[in-house]
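Colleague: Can you walk me through this model? I'd like the cores first, then the helix packing.

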Amino acid sequence: MSSSTAQRQVCVCVPARNEQDRLPRLLRSLAQQDWEAPLPVVIALNNTSDGSRDVVQRLASELADRLRVFVDEQDFEPSVAHAGSARRRAMDVGLDIVGGDDGAVLLTTDADARPPRDWVRRNVETIIDGADLVGGALMLGEDEAVPLLVRSRWEALSAYWRAVRAIEDEIDPVAWDPPPRHGDHTGGSLATTAVAYRATGGVPAIPVGEDGAYVMKARALGFRLRHPATVWTRVSPRTDARAIGGMATKMQALAGSAADAMAAPSLEQWRERAHWRRSVRLVGGDARVAALEPDLAPMICNIIVTPAVIETAA
């Protein structure tokens, strides 16, 4: 690890709700990071009724030589008891921990994730290289059973998104987000500078899509998002959801009907969108793209993704 990397303040910010069985695996993964110890970690428990607090406190003591764990516990009112409030709280506490250091890096992941040992370092290196936000690719964990149908559909969708990115890279290349890159920037693996977090006002406290909304807001202010292939994390294939619209909801869909799980916009629509982005970017830059894109009409999901469809449409 370079000296400039090691000097960066960091904090990992994790929202968790009734995750006593999953948090030990996450915390042990964070304790194995190739980062100078102790690594600050916020576990923001929200509307939790299981033994998560006791589990976290026990592990905080056990792993004290590797982690500096901060436990925050909130009971949100029903109207705001959702992923947006929980992740915002976790990140806000992390921001308080790093203080006024604009160069500090806040990382967030989910309680059921299992990041590789270079996850923190790779995120920080990418920010030192010029990014303001870093999205991490999501990989299905290998240590949990995944039905063959679900895994094959996951792989088909991954191929579809690789085809989409190839179109974007050809028509609308972005200098600070070069290939090879993935396309994920979800709460499962997302890093941001403290200065970007402050400038945006933080994660929007919305029920669904708080991660994507935060990224779009930051980009609209001119902050640079990158998706390096070296940044990724394992995610759980479980289907018992804690948050609406989260990873478990996606896994439920993959186990359901093909029409629900595999419907997507044609690649021709992505080509049209890439040409639109390029025309806007040449005039107003990425900030203008991010400001205008949320108001575009949604693309129509007019194909069912299969390997054959991707090959013939590419």
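**Cores and helix packing**

Modeller: The largest nonpolar core has 32 residues, and those with the most contacts inside it are V12, L39, I43, L67 and V120. A nonpolar core is a set of buried Ala, Val, Leu, Ile, Met, Phe, Trp, Tyr and Cys residues joined through side-chain atoms within 4.5 Å. Buried means under 20% relative accessible area, exposed over 50%, partly exposed in between (1.4 Å probe, protein chains only).

Colleague: What kind of model is this, and how are residues numbered?

Modeller: This is a predicted model: local features need pLDDT of at least 70, side-chain atom pairs count only at pLDDT 80 or more, and totals for chains, interfaces and linings use all residues. Residues are numbered from 1 along each chain as its sequence is written, and side-chain values use heavy atoms, with hydrogens and water left out.

Colleague: Switching to helix pairs. At what angle do α6 and α11 pack?

Modeller: Helix α6 (residues 148-171) and α11 pack at about 35 degrees, with their axes 9 Å apart. Axes are lines fitted to C-alpha atoms, for helices over the stretch in contact, and angles run from 0 to 180 degrees between N-to-C directions. The crossing is right-handed. A crossing is left-handed if the near helix is turned anticlockwise from the far one by less than a right angle, and right-handed if clockwise.

Colleague: Which residues meet there?

Modeller: From α6, Y160, W161, A163, V164, I167, E168 and I171. From α11, L267, W270, R271, A274, H275, R277 and R278.

Colleague: And where do α8 and α11 come together?

Modeller: The axes of α8 (residues 210-220) and α11 (residues 267-292) come within 7 Å and cross at roughly 135 degrees. That makes α8 oblique to α11. Angles under 35 degrees count as roughly parallel, over 145 as roughly antiparallel, 65 to 115 as roughly perpendicular and the rest as oblique. This crossing is left-handed. M216, R219 and A220 of α8 make the contact with D286, A287, V289, A290 and A291 of α11.

Colleague: Last one. Is R281 buried or exposed?

Modeller: R281 is buried, with a relative accessible area of 13%. R281 sits in helix α11. Not counting residues up to four places away in sequence, R281 touches D172, V174, D286 and V289.

Conventions: Helices (H or I, at least four residues) and strands (E, at least two) are DSSP runs, numbered from the N terminus. Contact means heavy atoms within 4.5 Å.
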